[in-house]
Amino acid sequence: MIKLYGGPRTRGTLVQWYLEELGVPYELIAVDIQGQEHKKPDYLAIHPMGKVPALVDGDFTIWESGAILMYLALQYGNAQGSVQEIAQMNQWVVFANASLGPGVFIEASRDRALADFMPPLNQRLQAQPFLLGDRLTVADVAVGSLLFYMPVMLKLDLSEYPAVTEYIQRLSERPAFQNTLGKR
């Protein structure tokens, strides 16, 4: 069984959401960040950088939320199709972790990131229900989780982007989302 090491207020929750979407059985192992459990030798043997999340699938260990998501998509999920289709999923996962997250969650870059990223996201989501078309993919988990947290954690008003707010609502109504991020 897959072991997901994570905790509240970590990116482990979005990996948990994706595992729930996929219907893949897993064991959630809470890492006590306050107690510095992520800096102890037992955990550092799993994730040498001392961060969460980390995932162990049999003899295979992977860390970094984006890498975990793509692994799950390839191993258990809907990352099927051409190299180009898989690359597009990966593109959105990398965008979430390298551009959208740091851009919006770091206050000094927030205004510019919102101005740069939200209009094209809104336009894309006006044309289709999910980032890559008519079905949820790993791209939606990566990007959608950050969009969900913007009004929740940062108290950002996204009403200027109605397709984005409808997308967040659509994602938040999914049972797997409600069982994971929706409980936070």
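This is a predicted model: local features need pLDDT of at least 70, side-chain atom pairs count only at pLDDT 80 or more; totals for chains, interfaces and linings use all residues.
Tyr 71 is buried, at a relative accessible area of 15% (buried means under 20%, exposed over 50% and partly exposed in between, with a 1.4 Å probe and protein chains only). Tyr 76 comes out partly exposed at 33%.

Residues are numbered from 1 along each chain as its sequence is written, and side-chain values use heavy atoms, leaving out hydrogens and water.

## Aromatic pairs

Rings of Phe, Tyr and Trp (its six-membered ring) pair if their centres lie within 6.5 Å; planes under 30 degrees apart are stacked, over 60 edge-to-face, the rest tilted. That rule gives eight aromatic pairs. In one of them, Tyr 71 and Tyr 76 have ring centres 6.5 Å apart and planes at 85°, so they sit edge-to-face.

Phe 148 and Phe 177 are also edge-to-face, with centres 4.8 Å apart and planes at 85°. This pair links distant parts of the chain, 29 residues apart: Phe 148 is in helix H6 and Phe 177 in helix H8 (residues 175–179). Helices here are DSSP runs (H or I, at least four residues), numbered from the N terminus.

## Helix H1

Trp 17 is among the buried residues of H1. The helix covers residues 12–22, and eight of its eleven residues are buried. Just after H1, Gly 23 has a positive phi of about 75°.

Definitions and conventions
Helices (H or I, at least four residues) and strands (E, at least two) are DSSP runs, numbered from the N terminus.
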